[in-house]
Amino acid sequence: MKAVFVNHCHPDMDHVCGLRVGRFANAMAARGHQIVVLCEALPGDTSILPPSNLESALTEHEWAKPFILACPPVAHNQIKLARDGVLHTGWRQIVIAASYLFHGGMFPDWQSGTAPYLPELSRVFEPDVVWGTFGNTDTWRLCQNLARQADCPWVADFKDNWNAFVPPVLRTLVARRYGDAAHMTVFSMAHCDQADEVFPARIKTILYSGVDNVADKAANKGAAQGNNQLSLFLTGSVYDVAKLRELIAGIESWTRQNQAYSLRLHYAGNDDAAVRTASDGTNLAISYEGYLTQDRLHAMQAEASANLYVYNPRCLLHHKALELLAQGRPILVFPGETSEVKTLASEIGGCLFACADETAVSEALDVIVNNPPQVPELARRMAFTWAARAVVLETVLQNAIADKGKGT
């Protein structure tokens with residue numbers, strides 16, 4: 001098939017917002033499909049492709065990899081100021097409402113920058129289907145426009161919390177504008193439940209995101225506890241410093257009762273300041289790893305005695321939960337987790353401790369040290385890879401194309 005994947009964030013952006021579409025594009029290209037990724041250009045990019053050069057670039061492209069069509073934004077200054085939160089209260093709300101009503105989202109600068117490319121992309125590439133992910137509704141607006149020009153179906157991807165991103169008074173109105181999607185993929189069962197409330201008539205398929213690397217059992221043997229070294233690995237955003245402080249207090253409480261063990265906490269992410277604040281006054285040994293490449297991050301997660309993260313209820317499903325389950329090491333999440341994540345852990349034989357308080361943290365560490373959980377079978381964890389997940393997306397898109405051919 002020939003498909004256009006639409007996402008605001010560039011696949012090379014150092015942020016999770018660019019991960020899902022970029023990785024699925026790679027996986028689908030590896031399955032023999034021609035994929036164009038339509039996104040916003042990275043800041044400072046000097047290699048912008050002019051619309052007049054798009055035909056030759058597409059003709060010459062080697063389709064073993066996706067074609068990245070990165071478009072520069074065109075200024076909508078008042079709306080940008082509203083996004084940045086610098087307009088005064090009242091006027092900012094008016095600008096936001098007007099942007100949704102007249103442009104369909106909060107990033108019309110990206111829409112305007114992309115618009116000159118759509119006619120040529122439709123004419124030259126002739127996509128069979130368009131798939132776009134909701135990190136903002138502008139993505140779906142572009143999917144609609146391109147699908148209409150190319151006379152092909154489009155599929156909406158629901159990966160973020162609708163209620164957290166769309167203003168309450170506009171949620172129903174905005175949702176009605178995107179009722180023409182042929183199908184909908186959703187990031188999790190929790191996203192599906194929310195999407196059922198907003199888009200009740202739309203058929204939905206759960207499409208979990210994947211992981212780049214899955215460590216085998218040999219890689220995990222180095223994390224055995226016989227040497228009295230305990231390595232805990234904290235990943236990603238902290239969200240709530242108070243909750244992190246409780247988590248760290250539980251870890252420190254355990255160290256006071258188990259002084260025969262040498263424990264070190266590693267943190268990988270961009271919230272160093274929050275971790276320092278939460279650990280202030282403790283005696284924990286902490287290493288700040290910074291922002292790691294996916295390969296290095298997964299390698300360190302696979303070698304840890306246990307992986308940790310802070311649960312944020314605004315995230316209907318944490319992508320990091322999928323990453324950590326795939327690596328096979330015990331997981332300690334504070335102060336709880338959804339039943340969906342617990343079920344995913346159970347299905348692969350993974351070990352997940354959803355700790356509600358400091359005592360539960362200490363008890364989880366006792367289990368990890370005294371009765372180390374078995375690593376789940378590699379075959380089960382391979383189901384978490386992007387390549388495995390892409391089979392689901394491929395089926396959804398093929399069905400959308402077939403239904404279009406039937407006139408449904």
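Phe134 is buried, with a relative accessible area of 1%, where buried means under 20% relative accessible area, exposed over 50% and partly exposed in between (1.4 Å probe, protein chains only). This is a predicted model, in which local features need pLDDT of at least 70 and side-chain atom pairs count only at pLDDT 80 or more, while totals for chains, interfaces and linings use all residues. Residues are numbered from 1 along each chain as its sequence is written, and side-chain values use heavy atoms, leaving out hydrogens and water.

Now for the rings. Across the whole structure, a search finds 17 aromatic pairs; rings of Phe, Tyr and Trp (its six-membered ring) pair if their centres lie within 6.5 Å, and planes under 30 degrees apart count as stacked, over 60 as edge-to-face and the rest as tilted. Phe134 and Trp140 form one that is tilted, at 5.5 Å centre to centre and 45° between the planes. Both residues also belong to a cluster linked by ring pairs, together with Trp154, Phe158, Trp162, Tyr178 and Phe199.

Here are the two partners side by side:

| Residue | Relative accessible area |
|---|---|
| Phe134 | 1% |
| Trp140 | 0% |

Zooming out, buried residues make up 52% of the 408 residues in the protein chain. The C-alpha atoms fill a box of roughly 70 × 50 × 45 Å, taken along the principal axes. Of the contacts (heavy atoms within 4.5 Å) with a separation of 6 or more, 73% come from residues 24 or more positions apart.
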